Amino acid sequence: MPDGTVRCWGSGVLTPTETVGVAGVVGVAVSDGYGCGWRADGTAICWGHDLSGRLGGVGDGPTEVAGLVDVVRIATGDHSTGALQSSGSVYCWGGNQHGEIGNGEVSSMSTLPPEPVVDLSKNARAIDLAPFS
């Protein structure tokens with residue numbers, strides 16, 4: 001929205017409703033049950049159902065993603081989230097059961113705080129995450 005608020009609907013909410021606690025957002029990415037946004041100051045915030053740590057904090061609801069700066073885009077997946085920084089670096093967090101964090105490891109534990117994706121050499125220009133198939 002032009003005022004930096006976010007409105008969501010679905011899962012029984014039939015009309016766009018303001019997401020309480022989320023403000024100053026200039027862009028969003030959404031997936032099943034959650035969403036994340038980035039602000040003009042480069043910080044990131046996520047809200048919704050925190051499955052596998054994909055919100056970047058502890059528990060459901062609006063959560064500031066700690067440790068991220070200069071965020072210019074976010075991508076949301078089924079169990080993980082990624083952020084592109086203005087430098088071209090990519091950081092991911094959340095579920096890593098299939099290596100989706102890109103840190104060279106596979107783990108049944110959630111990955112927090114966000115970790116850099118290895119071997120991208122700060123040249124990324126876009127980011128996207130695919131759902132599990």
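**A strand, its sheet and a pocket**

Asn-96 is part of strand S9, residues 90-96; helices (H or I, at least four residues) and strands (E, at least two) are DSSP runs, numbered from the N terminus. Before I go on, this is a predicted model, where local features need pLDDT of at least 70 and side-chain atom pairs count only at pLDDT 80 or more, while totals for chains, interfaces and linings use all residues. Residues are numbered from 1 along each chain as its sequence is written, and side-chain values use heavy atoms, with hydrogens and water left out.

Is Asn-96 buried or exposed? Its relative accessibility is 1%, so Asn-96 counts as buried (buried is under 20% relative accessible area, exposed over 50%, partly exposed in between, with a 1.4 Å probe and protein chains only). A polar atom of the Asn-96 side chain lies 3.2 Å from the backbone nitrogen of Glu-100.

Now the sheet. Four strands form an open sheet in the order S7-S8-S9-S10, with antiparallel pairing; two strands pair if DSSP finds at least two bridges between them. S7 (71-76) and S10 (107-116) are at the edges with a single partner strand each, so one side of each has no neighbour in the sheet. On average, neighbouring strands of this sheet are turned by 15° against each other, direction ignored (axes are lines fitted to C-alpha atoms, for helices over the stretch in contact, and angles run from 0 to 180 degrees between N-to-C directions).

S7 pairs with S8, residues 80-85, in the antiparallel sense over five bridges. Val-71 is opposite Gln-85 in S8, and Thr-76 has Thr-81 of S8 as its bridge partner. Three residues make the hairpin that joins S7 to S8.

Last, the pocket. The largest pocket has a volume of about 450 Å³. A pocket here is an open set of points on a 1 Å grid over the protein atoms alone, with protein on both sides within 12 Å along at least five of seven lines, and lining residues have an atom within 4 Å of a point. The volume is the space filled by probe spheres set on the points; the probe is 1.4 Å. The largest pocket is lined by 19 residues, with Cys-8, Trp-9, Gly-10, Gly-33 and Tyr-34 nearest its centre. Which strand gives the most to this lining? S1 does, with four residues.

Key:
Polar contact = N/O pair within 3.5 Å; in protein donor to acceptor, adjacent residues only side chain to side chain.
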